2 protein chains.
Amino acid sequence: MSEATVDCYQSLQDRLVGDGVLVAMGVPGMYGKGRSFQATFDGIYQYVTAAGAPAGPELFRFPPLMPREHFLRTDYLRSFPDLIGSIHSFTGGNAEHAALLRTVEQGGDWAAALSPTDVMLLPAACYPLYPMATGRLPEGGRLFDVLGTCFRHEPSADPARMQVFHQREYVHLGTPDSAMDFRDGWLARSQELLTDLGLDVRAEVANDPFFGRAGRMLAVNQRESELKYEVVATVANAEKPTAIVSCNCHQDHLTGPFEIQTADGATAHSACIGFGMERITLALFSAHGTDTHTWPAAVRGRLWP
Amino acid sequence: MSEATVDCYQSLQDRLVGDGVLVAMGVPGMYGKGRSFQATFDGIYQYVTAAGAPAGPELFRFPPLMPREHFLRTDYLRSFPDLIGSIHSFTGGNAEHAALLRTVEQGGDWAAALSPTDVMLLPAACYPLYPMATGRLPEGGRLFDVLGTCFRHEPSADPARMQVFHQREYVHLGTPDSAMDFRDGWLARSQELLTDLGLDVRAEVANDPFFGRAGRMLAVNQRESELKYEVVATVANAEKPTAIVSCNCHQDHLTGPFEIQTADGATAHSACIGFGMERITLALFSAHGTDTHTWPAAVRGRLWP
């Protein structure tokens, strides 16, 4: 990472923390949100709700954790092992507890004595949907509205690369054609929505950050088949815009392992539009300044009608 | 746990899942929330906001994780080791990754190969406040509004004992007297607020579930000094009401380790009122039924004005 890029990150973070928008928590990529950040986040939430499909999606809100067993049925561990969060806890008795506390006092690796639990941190907002959709879909498929608290273990100086963040997603399960139509429709619609918030956005073909040697080929394949698009805007650095929305076709990548079929029994496809809630919030602060009272009236009217 | 109690839990869970209020996720104590649950949760949130101190607390929203270093400055590991969630991730290269995937395929303990990260799951909503309040308080102390996503590793059949849950808290930092006044004031006020939602509540002296042999004495001390009160209501079982609000004086238990002083330099005290958001929601479903449209008009008017 270039020195100029790191300077951009630091300068944005200093401005946001100095003006009480964010609070640094002492670990890279983890922040408390002040009142103006949260009010903007909530404004975007209702704006996305108002823009939602008129048919009315099925709404679910899941915890930031998911069962380890379901996690292993995805290929997340194969593709992104460095980003995972596995939850470990203490399962011993009085004697083991005393030993644990002694290890802490001696500055030792106390966490190594913990045991894996049945749960993992949630890496993507839509993951809890697939286990509950196993079986045949109705004609026309299903449409979901989820807000997920996602974790990715990638401590960074970039305020837009938080270790914990929220994705508001609309997720469609259906046929290959309906999934692609859904993705393309939202790719266009999301750019209009963001432009109406005064953001200068554009769509780009993208790829996920697949791990290691084998991952390079996966990334090339994903780009060549144009399965993932991102809508980017300036956050810290105008030269290197940040993805604030992600529009993806998963093909049968998740519907396959969870045995989800279309109404006529074929393996279903899935697609999603994910609004990166913190990143859109940061893009707005970057575009309009840290005092929300001075933002353009049209933008304020859309966020806080 | 008696068979009758387990039956109560199962019967409540069946009713909530059957009517689409909750979705079971395949792990005890972890649920997706349907539209009516989330709408009630959101209604309680705005009701608590409207009831908040007129002076206007400082509002912060923190992620469900906190720095491991700050976690160790509290005595949570000493008091509740069995409830913790430590985050572990993968830090190896291509060869270690291949070995990890082989362990998974062979059904081995793949998670044992992961490394502890810098972060822990958040056990209590107010914990991230203390590191940011180090130093002298202004005259009159400080008042905070937080909403925390808390984790406690206690898989349970009781729908009210979720592994992940939200605490909406008002937290006061000040003198021993102002902390006790704050606690007592909210203990009375919270009972009025809950009664106005049609809940049959009462306050009880309580204790935290301290771990092990040493913990029994801590629990007795806490009860004798009446530092913790809970407001209880019926959720699954009218014979065994559930704590839905918690009112606590922490004395210098958290302000001490984080070196927070009053305006005149003495060690500050802290107190909090915690609204158990999921538990209040469940108490409302238990009292008024699973169809929110049939709830008493006065209750609907307060939740959704």
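Trainee: Which residue of S5(B) does His88(A) stand opposite?
Mentor: This is a predicted model, and in it the residue facing His88(A) is Ser86(B) in S5(B).
Trainee: In what sense do the two S5 strands pair, and over how many bridges?
Mentor: Strand S5 (residues 86–89) of chain A and strand S5 (residues 86–89) of chain B are antiparallel, with 3 bridges between them.
Trainee: How many residues of each chain are in contact?
Mentor: On the side of chain A there are 63, and they are in contact with 63 residues of chain B.
Trainee: And what area is buried between them?
Mentor: About 5200 Å² is buried between chain A and chain B, and carbon and sulfur atoms give 71% of that area. In chain A, the residues that lose the most area to chain B are Met25(A), Arg35(A) and Trp110(A), together 11% of what that side buries.
Trainee: How many salt bridges cross the interface?
Mentor: The rule finds 2 between chain A and chain B. One of them joins Arg78(A) to Glu105(B), with the closest N and O atoms 3.6 Å apart.
Trainee: Changing topic, how many aromatic pairs does the structure hold?
Mentor: Over all chains there are 26.
Trainee: Why does the pair of Tyr170(B) and Trp186(B) count as stacked?
Mentor: Their ring centres are 5.1 Å apart and their planes are at 25°, so the pair is stacked, the cut-off being under 30 degrees.

Key:
Residues numbered from 1 in each chain as written. Chains lettered and ligands numbered in written order. Predicted model: local features only at pLDDT ≥ 70, side-chain atom pairs only at ≥ 80, totals over all residues. Heavy atoms only, no water. Contact = heavy atoms within 4.5 Å. Buried area = accessible area lost by both parts, 1.4 Å probe. Salt bridge = Lys/Arg side-chain N within 4 Å of Asp/Glu carboxyl O. Pairing = 2+ DSSP bridges. Helix = DSSP H or I, 4+ residues; strand = E, 2+ residues; numbered from the N terminus. Phe/Tyr/Trp six-rings, centres within 6.5 Å; stacked < 30°, edge-to-face > 60°.
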